[in-house]
Amino acid sequence: MRKILDQAVKEIADNRDEIISKLLEFAKTDLLFFWGENKELVLRQKEKWMPILDWSAELLKTALNKTNTLDVPENSAMKAPLGVVLRKMSDKELACFYAATLNMRSTLLALALVKGKINAEKACELSYLEELWQNEMWGTDNEAAAKRKERCDELKEIENYLRS
């Protein structure tokens, strides 16, 4: 993973504006914007995700809308302030942000990780909140659990690289 992140830092240096643009586009479909319909799941999302959404909204100085449908919620006001935050990151931070975003399907969780608001373990728990809840309801899928562990291990490597 370290070699991949070293290469990503070089790629960021050469393609910074293009990568930031792609990340800003991806941010519209952030995992934390899409909530479930089950009452118990929504309560868990509120407990676990709202602190990150509130922190992100404060950092970006904009309201963040969520949905319980497949329609992408309107959060275009976050694009400019998120762009400012990303442009202020070092190449190393941006490479870790990029890798964490892809790993978790969430720019907001990646931002919280890079800014030190949460650690990799917490980020992993939050990014798999719905899957973990489903495991409690219906049991664990071993293949999915193995893939989740692999991604969580990668996230810890990203965090270690970031902090080194």
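Start with the cavity. The structure holds 1 cavity of 30 Å³ or more. Here a cavity is a set of points, on a 1 Å grid over the protein atoms alone, where a 1.4 Å probe fits but cannot get out. Grid points are joined across faces, edges and corners, and a volume is the space filled by probe spheres set on the points. The largest cavity has a volume of about 40 Å³.

This is a predicted model: local features need pLDDT of at least 70, side-chain atom pairs count only at pLDDT 80 or more, and totals for chains, interfaces and linings use all residues. Residues are numbered from 1 along each chain as its sequence is written, and side-chain values use heavy atoms, with hydrogens and water left out.

**The cavity lining**

Select L24, A27, K28, N75, M78, K79 and L82, which line the largest cavity. Lining residues have an atom within 4 Å of a point. The lining divides into 4 nonpolar, 1 polar and 2 charged residues. In this count Ala, Val, Leu, Ile, Met, Phe, Trp, Tyr, Cys and Pro are nonpolar, Asp, Glu, Lys and Arg are charged, and the others, Gly among them, are polar.

**Helix α3**

Next, pick A80, in helix α3. Helices are DSSP runs of H or I, at least four residues, numbered from the N terminus. A80 is exposed, at 56% relative accessibility. Exposed means over 50% relative accessible area, buried under 20%, and partly exposed in between (1.4 Å probe, protein chains only). Draw a line from A80 to L24: they are 56 residues apart in sequence, yet 8.6 Å apart in space, C-alpha to C-alpha.

Move to K88, also placed in α3. K88 is exposed too, with a relative accessible area of 69%. From K88 to W49 the gap is 39 residues in sequence and 25 Å in space, C-alpha to C-alpha.

**R16 in α1**

Is R16 buried or exposed? R16, in helix α1, is buried, with a relative accessible area of 18%. Not counting residues up to four places away in sequence, R16 touches L86, R87, M89, S90, D91 and L94. Contact means heavy atoms within 4.5 Å.

**Helix α4**

Select residues 91-104. At 1.5 Å a residue, the 14 residues of α4 should span 20 Å, and the end C-alpha atoms are 20 Å apart, which agrees. The expected span is 1.5 Å times one less than the number of residues. Buried residues of α4 include F97, A100 and N103. Their cover includes α1 (2-26), α3 (79-88), α5 (107-114), α6 (120-127) and α8 (142-163).

Zoom in on N103, which counts as buried at 5% relative accessibility. Beyond four places in sequence, N103 is in contact with R151, E154 and L155. After α4 comes R105, whose phi is positive, near 65°.

**Helix α5**

Now show α5: 8 of its 8 residues are buried. They pack against α1, α2, α3, α4, α6 and α8.

**The core**

Finish with the largest nonpolar core. A nonpolar core is a set of buried Ala, Val, Leu, Ile, Met, Phe, Trp, Tyr and Cys residues joined through side-chain atoms within 4.5 Å. Of its 52 residues, L86, F97, L108 and L155 touch the most other members. α1, α2 (39-60), α3, α4, α5, α6, α7 (129-138) and α8 each supply at least two residues of this core.

Which residues does L155 contact, leaving aside its neighbours within four places in sequence? They are A100, N103, M104, L113, A120, A123 and C124.

Notes: 1 Å grid on protein atoms, 1.4 Å probe; cavity = no way out; pocket = protein on both sides within 12 Å on 5 of 7 lines; lining within 4 Å.
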